[in-house]
Amino acid sequence: MLRALNILKEVGWITLKDNIDPLQTSVNDITSNPHHLQFVATDPAQGPRALEDVDFAAIQGNFAVSNGMKLTSALQLENMTDPFTNVVAVDSKNKDKPFVKDIIEGYHSAEFQKYIQSNPAYEGYKLPSYFK
């Protein structure tokens with residue numbers, strides 16, 4: 001719900017209290033709702049199915065894509081910022097292991113970047129800053 005509220009704030013449909021922790025945002029932090037939006041919290045995986053019963057829904061990208069939705073068809077894509085960016089992490093004891101170096105090399109390879117950028121399934125995804 002908190003990510004949905006942040007998107008609604010960005011598009012100007014609601015306002016939220018100042019200086020709130022974005023990781024703790026809830027409907028109780030809404031200070032203005034001029035369109036009288038009603039909020040129903042669901043399990044994130046249920047977002048695509050909920051579309052049959054609501055006017056709009058905030059759907060996480062992985063659930064949208066796995067249900068055949070194109071991210072570029074969204075009314076508004078989320079401005080992905082820390083702390084919402086996914087991070088691949090390994091136990092510090094493994095940081096110098098070959099498999100970790102292989103993962104990093106693979107993700108940073110020109111082949112991987114070309115695959116992601118040329119595959120229509122990934123249109124609309126926020127790409128890492130190291131992508132050219």
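## Salt bridges

Let's start with Arg 3: it counts as partly exposed, at 26% relative accessibility. Please keep in mind as you read that this is a predicted model. Arg 3 forms a salt bridge with Glu 78, and their closest N and O atoms are 2.6 Å apart. This pair links distant parts of the chain, because Arg 3 sits in helix H1 while Glu 78 is in the loop between H3 and helix H4 (98-108), 75 residues apart.

How many salt bridges does a search of the whole structure find? The search finds three. Another one joins the side chains of Asp 29 and Lys 17, with a distance of 3.7 Å from N to O. Both residues lie in the loop between S1 and S2, 12 residues apart. Are the two partners buried or exposed? Asp 29 is buried, with a relative accessible area of 11%, whereas Lys 17 is partly exposed at 40%.

Lys 70 and Glu 123 also form a salt bridge, the closest N and O atoms being 3.8 Å apart. Lys 70 is in the loop between H3 and H4 and Glu 123 is in the segment after helix H5 (110-118), so this pair ties together parts of the chain that are 53 residues apart in sequence. Lys 70 is partly exposed at 41% relative accessibility, and Glu 123 is partly exposed at 39%.

Now take a look at H1, where Ala 4, Leu 5, Asn 6, Ile 7 and Leu 8 are buried. The buried residues of this helix pack against S1 and strand S2 (30-32). Just after H1 comes Gly 12, which takes a positive phi of about 85 degrees.

Which residues make up the largest nonpolar core? The six are Leu 5, Leu 8, Ile 14, Leu 16, Ile 30 and Leu 37.

## Aromatic pairs

The count of aromatic pairs comes to four. One of them is formed by Trp 13 and Phe 56, whose rings are edge-to-face, 5.3 Å centre to centre with 70 degrees between the planes. Trp 13 lies in the loop between helix H1 (2-11) and strand S1 (15-16), and Phe 56 in the loop between helix H2 (47-50) and helix H3 (61-66), 43 residues apart, and the pair links these distant parts of the chain. Trp 13 is partly exposed at 29% relative accessibility, and Phe 56 is partly exposed at 35%.

What is the arrangement of the rings of Tyr 115 and Tyr 122? Their centres are 6.1 Å apart and their planes are at 65 degrees, so this pair is edge-to-face. Tyr 115 is partly exposed, with a relative accessible area of 46%, and Tyr 122 is partly exposed at 29%. Together with Tyr 125, these two residues form one aromatic cluster.

## A look at Leu 51

Leu 51 lies in the loop between H2 and H3. Leu 51 is partly exposed, because its relative accessibility of 33% falls between the limits of 20% and 50%. Not counting residues up to four places away in sequence, Leu 51 touches Phe 56, Ala 57, Ile 59 and Met 69. As for Asp 21, the C-alpha atoms of Leu 51 and Asp 21 are 29 Å apart in space, and the two residues are 30 residues apart in sequence.

Technical notes: Residues numbered from 1 in each chain as written. Predicted model: local features only at pLDDT ≥ 70, side-chain atom pairs only at ≥ 80, totals over all residues. Heavy atoms only, no water. Core = buried A, V, L, I, M, F, W, Y, C linked by side-chain atoms within 4.5 Å. Buried < 20%, exposed > 50% of the residue type's maximum accessible area, 1.4 Å probe, protein only. Phe/Tyr/Trp six-rings, centres within 6.5 Å; stacked < 30°, edge-to-face > 60°. Helix = DSSP H or I, 4+ residues; strand = E, 2+ residues; numbered from the N terminus. Contact = heavy atoms within 4.5 Å. Salt bridge = Lys/Arg side-chain N within 4 Å of Asp/Glu carboxyl O.
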